[in-house]
Amino acid sequence: MKRPYVLIVSEVTIDGKLTLAKGVSSKEIMKLMDEEANRYLHRIRAECDGIMVGANTVRIDNPNLTVRYVEGENPVRVIPTSTGDIPLDANVLNTEVAPTVIAVSEKAPPDRIKAIEEKGAKVIVAGKERVDFVRLLERLYEMGMKKLMVEGGSKVNWELIKNDLVDEIRLIHLPVVVGGDDVPSLTSGEGFGSLEKVKRFKIKRIFQCGNQVITEYERE
Ligand SMILES: NC(=O)c1ccc[n+]([C@@H]2O[C@H](COP(=O)([O-])OP(=O)(O)OC[C@H]3O[C@@H](n4cnc5c(N)ncnc54)[C@H](OP(=O)(O)O)[C@@H]3O)[C@@H](O)[C@H]2O)c1
């Protein structure tokens, strides 16, 4: 399969959580990230052709997904959403700042697709009920995307790892514990449930960056 190199990059707490509480923007916990960690994150953004987050992250965090802490070009923003259900005034639909691809399934209503296209975003239809990531990545590769960074959330991370579409995982560990049963962690979903099925990664690099530890893993 011809697809971009896929890299998950995420801020996680000591207990592996992505945010403070269910439904709460991760921008809150990201206030703990120091300048050095932000530069690490934004350097990766600048090195990638594409940056993906799930529609729920757009609905909750309303991120810009642009390069700000270092010099560099903004990657193409890619948002999977089965029915195109993201606010039309979302920051990712400000296409004057950076290009955006909205990936939908065949369930997306045509008038919704039209409204998104009118914002200047490209719409890719891949999948029947939900976005089919295998097909989406093929389409992105055909568009010239060679390196795609994925910044969550936990549902999108799970779906990509489950389908063996992730080459690397880089984690910025925030030195706090937040707790909570229903707080999203790096992945969610049904889980692999057995040692034979778990996806194995090997350590590539570990280092301290400001007040954070960064761990980088690659697929075995
Ligand atoms: N710490 C960090 O680095 C970080 C980064 C990002 C997000 N977050 C946090 O993570 C939370 C959101 O994560 P989340 O897990 O709820 O949602 P998510 O992964 O951001 O988005 C999931 C959504 O993606 C869309 N989607 C379309 N096709 C899909 C498919 N095949 N598989 C999976 N998703 C598909 C669906 O949107 P539709 O419902 O429109 O179909 C689905 O609801 C927020 O609290 C956010 O703050 C943290």
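Modeller: Two residues count as in contact here if their C-beta atoms, placed from the backbone, lie within 7 Å of each other. Please also keep in mind that this is a predicted model.

Colleague: Fine, then which residues does Pro-4 touch, leaving out those up to four places away in sequence?

Modeller: Pro-4 touches Gly-50, Leu-137, Leu-140, Tyr-141, Met-145, Lys-146, Lys-147 and Leu-148, once residues up to four places away in sequence are set aside. With Gly-50, which is 46 residues away along the chain, the C-alpha separation is 9.0 Å.

Colleague: And where does Pro-4 sit, and is Pro-4 buried or exposed?

Modeller: Pro-4 is in the segment before strand 1, and it is classed as buried because it has 23 C-beta neighbours inside 10 Å, where the cut-off for buried is 20 or more.

Colleague: Let's move to the core. Which residues in the largest nonpolar core touch the most other members?

Modeller: That core has 48 residues, and those touching the most other members are Val-78, Ile-79, Ala-103, Leu-148, Met-149, Val-150 and Leu-160. Leu-148, one of these, is also among the residues that Pro-4 touches.

Colleague: What does Ala-103 touch, again without residues up to four places away?

Modeller: With those left out, Ala-103 touches Val-78, Ile-79, Pro-80, Ile-124, Ala-126, Val-131 and Leu-136.

Colleague: How do strand 4 and strand 5 pair?

Modeller: Strand 4, residues 100–104, and strand 5, residues 122–125, pair in the parallel sense over 4 bridges, and Val-104 has Val-125 in strand 5 as its bridge partner.

Colleague: Now the ligand. Which residues come nearest to it?

Modeller: Of the 31 residues around the ligand, Gly-54, Asn-56, Ser-82, Gly-152 and Gly-153 come nearest. The elements that give two or more residues to this shell are strand 1 (5–13), helix 3 (55–61) and helix 6 (154–162), and helix 3 gives the most, with 5 residues.

Colleague: How does the shell divide into nonpolar, polar and charged residues?

Modeller: The shell divides into 10 nonpolar, 14 polar and 7 charged residues.

Colleague: What kind of peptide bond joins Gly-152 and Gly-153?

Modeller: Gly-152 and Gly-153 are joined by a cis peptide bond, with omega at about -5 degrees, and Gly-153 has its place in the loop between strand 6 (147–150) and helix 6.

Colleague: I'd like to check the backbone elsewhere. What is the phi of Leu-65, and what is the phi of Asp-164?

Modeller: Leu-65 has a positive phi of about 60 degrees although it is not a glycine, and Asp-164, also not a glycine, has a positive phi of about 60 degrees. Leu-65 lies in the loop between helix 3 and strand 3 (76–80), while Asp-164 lies in the loop between helix 6 and strand 7 (168–174).

Colleague: Are they buried or exposed?

Modeller: Leu-65 counts as buried, because 25 C-beta neighbours lie inside 10 Å, whereas Asp-164 is exposed, with 12 other C-beta atoms within 10 Å.

Colleague: Then what pairs with strand 9?

Modeller: Strand 7 and strand 9 (residues 212–219) pair in the antiparallel sense over 6 bridges, and strand 8 (residues 201–209) is joined to strand 9, also antiparallel, by 8 bridges. Val-213 in strand 9 is the bridge partner of His-173 and is likewise the bridge partner of Gln-208. The hairpin of strand 8 and strand 9 has 2 residues between the strands, and there Gly-210 takes a positive phi near 60 degrees.

Colleague: Last one: where is Leu-32, and what does Leu-32 touch beyond four places in sequence?

Modeller: Leu-32 is in the loop between helix 1 (27–30) and helix 2 (35–47), and beyond that sequence range it touches Leu-174 and Val-176.

Key. Residues are numbered from 1 along each chain as its sequence is written. This is a predicted model: local features need pLDDT of at least 70, side-chain atom pairs count only at pLDDT 80 or more; totals for chains, interfaces and linings use all residues. A residue is near a molecule or strand if its C-beta atom, placed from the backbone, lies within 6 Å of it. Ala, Val, Leu, Ile, Met, Phe, Trp, Tyr, Cys and Pro count as nonpolar, Asp, Glu, Lys and Arg as charged, and the others, Gly among them, as polar. Two strands pair if DSSP finds at least two bridges between them. A nonpolar core is a set of buried Ala, Val, Leu, Ile, Met, Phe, Trp, Tyr and Cys residues joined through C-beta atoms within 7 Å.
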